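Good morning, everyone, and thank you for coming. Please look at the sequence and the structure on the screen while I talk us through the aromatic rings and their surroundings.

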Amino acid sequence: MLRSTLLAASRSRGVRRLVEANPLTKPVVHRFIAGTTPDDAVHAIRSLAAQGMYVTLDHLGEDTLDAAQATTTVRAYQRMLRTLSETGLTDRAEVSVKLSAVGQFLPTDGEKIALDNARLICEAAAQAGTTVTLDMEDHTTTDSTLGILRDLRVDFPWVGAVLQAYLHRTEQDCRDLATEGSRVRLCKGAYSEPASVAFQDKGEVDRSYVRCLKALMNGSGYPMVATHDPRMIAIATDLAARAGRSPDSFEYQMLYGIRPEEQKRIAAEGGRLRVYVAYGDEWYGYFMRRLAERPANLAFFLRSLITQN
């Protein structure tokens, strides 16, 4: 119930205004958001790289219904990619892109516009010497996102995909995408989905995650294991060993600000660990989903507000 309430709040303009207007909110948000500017993002990358970690950058923004805003987002990614190149950080950082932020939901030709805009970002990434991963959003966008992925991979075969284990379809999607050179990030899922398309019970989601992991680890692609769950991390490590994978043939991924000590441990022990770093002004929806994912995140948020009050 709490999770569904928070996810509903993530799409509420009224709640958004209340949260953003609260002067006590932003210091807490900084646990999960690296900052609002490219310089903030670069600072976070340098800090994480110094600890042996890698980064995927998300310029925050989603659900845009304005073509000009979509273009603004593309330009922000192009600037960020130039900055990564100029600062010599492309060996440590790539970018993650939400297609809804670059036009996918536009009422006219949304998919085409999103594809064209994503292609511009991929071209900038190729020029900089790094890669792009397409974020996945709610289930209504899955087919569209995978279709755009297929089109992009014609010219940019390194474009990464994200699959969400709580969807019934995902085990088959993992099998389909576990091919040579295919980069696939597997996460549990962060949106409120109906029982008709998604598992509702945590145990069912966990079992689906393991089945999906098996498909990816036993395939010929590059699995990206996105989880903070110690049990899933241990299972992924075991499955990789059973599949004969070397440490550089897959990676673990975690969110900025969540379980940082575990991130350091994995990197220190020779695992390839990538941190999902979000930055930008449009932090509200992302922040609320982080609170919804784990009760500990909400407890931290509320405790911090009480402490600062």
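This is a predicted model: local features need pLDDT of at least 70, side-chain atom pairs count only at pLDDT 80 or more; totals for chains, interfaces and linings use all residues.

In the protein chain, which has 309 residues, 54% are buried, where buried means under 20% relative accessible area, exposed means over 50% and partly exposed lies in between, with a 1.4 Å probe and protein chains only. Residues are numbered from 1 along each chain as its sequence is written, and side-chain values use heavy atoms, with hydrogens and water left out.

Let us turn to the rings. A search of the whole structure gives two aromatic pairs, and rings of Phe, Tyr and Trp (its six-membered ring) pair if their centres lie within 6.5 Å, with planes under 30 degrees apart called stacked, over 60 edge-to-face and the rest tilted. Phe156 and Trp158 make a tilted pair, with 5.5 Å from centre to centre and 55° between the planes; Phe156 is buried at 10% relative accessible area, whereas Trp158, at 21%, is partly exposed. Phe250 and Tyr252 make an edge-to-face pair, at 5.4 Å and 70°, and here Phe250 is buried at 7% and Tyr252 is buried at 7%.

Finally, look at Tyr54. The charged end of Arg92 sits over the ring of Tyr54, 4.2 Å from its centre, and the charged end of Arg272 also sits over that ring, 4.0 Å from its centre, where sitting over a ring requires NZ of Lys or CZ of Arg within 6 Å of the ring centre and within 35 degrees of the ring normal.
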